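Thanks for making time this morning.

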Amino acid sequence: SRTRRSPLLARRSNQTQVVAYTAVAHALVHAIEFTYPALLLTIEKDFGITHLAAGALAQAFAITFGASALPSGFLVDRLGARRVLLFAFLGAMVGALLIAVTPGSYALGVLLALTGLCAGLYHPAGLSLIARWADQRALALSYHGVAGNVGMALAPVTAVSIAALLDWRAAFVFLALLCAVTA
């Protein structure tokens with residue numbers, strides 16, 4: 001005979017999955033955000049650009065990352081958080097892959113802006129999932145916040161280690177793979 005799971009157990013399982021997913025996704029979003037700054041000097045040397053130019057390229061990411069929050073909220077309300085998250089991580093994946101093969105600094109600026117735009121869609125969508133699924137929202141948001149900080153802390157170490165072993169471009173391929181899995 002079949003045993004049926006109670007609705008309460010199913011809801012708890014879904015909550016756990018949502019909190020775990022959003023925590024991992026939040027860590028990845030901030031890893032995406034901190035990978036270029038960690039590799040900035042290496043990329044600067046590879047493209048033969050100045051500190052000022054490399055910093056300006058970082059701003060292309062930062063501006064679009066922040067600016068995409070409002071459109072993300074609009075899209076989450078109309079399309080749903082899951083679709084926006086799928087688009088965010090698939091877009092960031094494409095951006096990271098293209099960064100890995102970019103031929104020069106102008107293209108890098110455009111691709112950093114694209115990647116920032118996509119990764120910046122995360123916060124309203126991820127927080128919406130937590131608000132809808134977590135009964136203990138404060139605890140869920142705590143896990144979410146800690147995971148984002150872990151992503152910030154691990155990104156430079158991971159990116160620089162991959163660059164030292166292989167190449168700075170390999171760090172962006174690694175990010176793209178993580179985005180594909182998260183999508």
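This is a predicted model: local features need pLDDT of at least 70, side-chain atom pairs count only at pLDDT 80 or more; totals for chains, interfaces and linings use all residues.

If we pair the rings of Phe, Tyr and Trp (its six-membered ring) whenever their centres lie within 6.5 Å, and call planes under 30 degrees apart stacked, over 60 edge-to-face and the rest tilted, the count comes to four aromatic pairs. One of them joins W168 and F172, edge-to-face, with the centres 6.0 Å apart and 85 degrees between the planes. Residues are numbered from 1 along each chain as its sequence is written, and side-chain values use heavy atoms, with hydrogens and water left out.

Both W168 and F172 belong to helix α8, residues 168–182, and sit four residues apart, about one turn of the helix; helices here are DSSP runs of H or I with at least four residues, numbered from the N terminus. Buried means under 20% relative accessible area, exposed over 50% and partly exposed in between, with a 1.4 Å probe and protein chains only; W168 is buried at 2%, and F172 is buried at 3%. Together with F47, these two residues, W168 and F172, form one aromatic cluster.

Turning to helix α2, its buried residues are A54, L57, A58, A60, F61, T64 and F65. They lie on the same side of α2, because they cover an arc of only 135 degrees around the axis, taken from the directions from the helix axis to the C-beta atoms. The face turned away from that buried side carries the exposed residues H51, L52 and I63.

Methods. Helices (H or I, at least four residues) and strands (E, at least two) are DSSP runs, numbered from the N terminus.
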